[in-house]
Amino acid sequence: MDFELTEEQKIMQETIRNFAKNELEPVADELDQAEEFPWKIFKRMAELGLTGMILPTEYGGSGSDELSLNIAIEEIGKACASSAHLLDSHLLLCASPIYHFGNEEQRQRFLPPLAKGEKVGAYGLTEPDAGSDIGNIQLKAIKDGDNYVLNGQKTFISNGEVCETAIVFGNIPELAPRGMTAFVVEMGMPGFTKGKKFKKLGMRAATTAELFFEDCRVPAANRIGEEGKGVRIALSTLDRGRIGIAAQAVGIARAVLEKCTEYSKQRIQFGAPISKNQAIAWKLADMATEIEAARFLYYKAAYLADKGEPFSTNAAMAKVYAAELAMKAATWGIQIYGGYGYMMEYPMQRHFRDAKVTEIYEGTSEVQRIIISRAVLS
Ligand SMILES: Cc1cc2nc3c(=O)[nH]c(=O)nc-3n(C[C@H](O)[C@H](O)[C@H](O)COP(=O)(O)OP(=O)(O)OC[C@H]3O[C@@H](n4cnc5c(N)ncnc54)[C@H](O)[C@@H]3O)c2cc1C
């Protein structure tokens, strides 16, 4: 068993670590407070090849493997979780399924602008009455000649406010209950509009919005995969995305550990640094141990994905473990900072707010446990 990253992966990790430290960390609080999509950061990520990292070079990407992308997401997530989240949504949730399930013409048409960061991508599955229960989506897609006419609504869509390209899932009623089908919709198509942008607890620089479809005519040439094959596309996309959420969550936990280690060595109470108390030191020890464990869970899932082997259960394990670690670490982080941890001027609150959603999006922790328990019991 080889635990070493390749030379190429190490160089990439160092490059992204420097980018994150020098260009993301200093502005992360500002971006969080602005609650606006960080165009400058997105363009910078494009310059670094991150927006198309796992796409082959013939589609404008950098041709990296999934493990490398997730290592990059961890580094970005440590500095600015919102930036990691918007990259995950753009690349793993939108460009990746177009690459994996689209035909050659669709790859050539949609992928280069996404890979180069000229367009932002989004993934539209969730609806007001269909979250965990994706089989209940109501968006209708009616075939009309060479088009499908889409009517319905999507909610909680990451990058929804700014996306120009989105992969959207709708139902073809005649094929019910197996009618779910994937389509690429693009800004400017009549009948495709953006709704409200949500105010959120965390991940505030990665904006979230509603999408509306009113008699929106989508060319049949924009259908990804066959009619009725949308469930597979939606779920397999989430499998890959969940590795990214695990990497994000490991990044958040690392940020907490680093800051708490420093703070606890400096904060003097009862004449000694608080780190001298076992109650504090053991929290740091547990965080360090679980970060290592969570990282290897997502490394394994990405390694299997790169080898083309089944990885859904591993992705679910990595996501649930890393998300719950990030939340636990951030809760402890506030405790270690004491009253200062509760104050908005101090950094712990952002990690706490950002961590929470990793237990919710791309399948809640409960949904991950359903996936894992099915595999255990099968
Ligand atoms: C910030 C943010 C960004 C998002 N981005 C996107 C995006 O880009 N694209 C997209 O399509 N969606 C997106 N989502 C939606 C997200 O994937 C859903 O919120 C999530 O899947 C949960 O669905 P729900 O919110 O409807 O909760 P519900 O499904 O209503 O669940 C509510 C609670 O019930 C539990 N529950 C539900 N069913 C079961 C069950 N069978 N067993 C046990 N417990 C159960 C859940 O775990 C949860 O605790 C985003 C959400 C957020 C918050």
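Guide: Helices (H or I, at least four residues) and strands (E, at least two) are DSSP runs, numbered from the N terminus. Residues are numbered from 1 along each chain as its sequence is written. This is a predicted model, in which local features need pLDDT of at least 70, side-chain atom pairs count only at pLDDT 80 or more, and totals for chains, interfaces and linings use all residues.

Visitor: How many helices and strands does the secondary structure of the protein come to?

Guide: Counted as such DSSP runs, the elements of the protein come to 12 helices and 10 strands.

Visitor: What radius of gyration does the protein have?

Guide: The radius of gyration is taken over C-alpha atoms, and the globule rule is 2.2 Å times the number of residues to the power 0.38. For 378 residues, a compact globule would have a value near 21 Å, and the protein agrees with this. Its radius of gyration is 21 Å.

Visitor: What percentage of the residues of the protein count as buried?

Guide: A residue is buried if 20 or more other C-beta atoms lie within 10 Å of its own, exposed if 12 or fewer, and partly exposed in between, with C-beta atoms placed from the backbone. Of the 378 residues of the protein, the buried share is 51%.

Visitor: Into which domains is the protein divided?

Guide: The bounds come from an automatic or database domain assignment. The protein is divided into domain 1 (7-120), domain 2 (122-230) and domain 3 (231-377).

Visitor: How many residues does the contact take from domain 2 and from domain 3?

Guide: The C-alpha centres of domain 2 and domain 3 lie 30 Å apart. Two residues are in contact if their C-beta atoms, placed from the backbone, lie within 7 Å. The contact takes 14 residues from domain 2 and 11 residues from domain 3.

Visitor: How do the residues on the side of domain 2 that touches domain 3 divide?

Guide: Ala, Val, Leu, Ile, Met, Phe, Trp, Tyr, Cys and Pro count as nonpolar, Asp, Glu, Lys and Arg as charged, and the others, Gly among them, as polar. On that side of domain 2, the division is 9 nonpolar, 4 polar and 1 charged.

Visitor: Which residues come nearest to the ligand?

Guide: A residue is near a molecule or strand if its C-beta atom, placed from the backbone, lies within 6 Å of it. The shell around the ligand draws at least three residues from each of domain 2 and domain 3, and it divides into 9 nonpolar, 9 polar and 3 charged residues. Of the 21 residues around the ligand, those that come nearest are Thr126, Gly131, Ser132, Thr364 and Glu366.

Visitor: Which strand gives the largest share of the shell around the ligand?

Guide: Strand 1 (121-124), strand 3 (147-158) and helix 12 (365-377) each supply at least two residues of the shell. The largest share, 3 residues, comes from strand 3.

Visitor: Is Gly131 buried or partly exposed?

Guide: Gly131 lies in the loop between strand 1 and strand 2 (140-144). Its C-alpha is 9.4 Å from that of Tyr361, although the two are 230 residues apart in sequence. Because Gly131 has 17 C-beta neighbours inside 10 Å, it counts as partly exposed.

Visitor: Why is helix 9 said to be largely enclosed by the rest of the structure?

Guide: Helix 9 (residues 312-337) reaches 37 Å from its first C-alpha to its last, close to the 38 Å expected at 1.5 Å a residue; the expected span of a helix is 1.5 Å times one less than its number of residues. Gly338, with a positive phi near 60°, follows helix 9. The helix is largely enclosed because its buried residues number 21 of 26.

Visitor: What separates the end C-alpha atoms of helix 8?

Guide: Helix 8 (residues 278-307) is followed by Gly308, whose phi is positive, near 75°. With 30 residues at 1.5 Å each, helix 8 should span 44 Å, and the model agrees, the ends being separated by 43 Å.

Visitor: Which residue is joined to Pro177 by a cis peptide bond?

Guide: Most residues other than glycine have a negative phi, and most peptide bonds are trans. Pro177 is placed in the loop between strand 4 (165-171) and strand 5 (180-186). With omega about 5°, the cis bond joins Pro177 to Ala176.

Visitor: Is Asn159 buried or exposed?

Guide: Asn159 is found in the loop between strand 3 and strand 4, and its phi is positive, near 65°, in a residue other than glycine. Since 27 C-beta neighbours lie inside 10 Å, Asn159 counts as buried.
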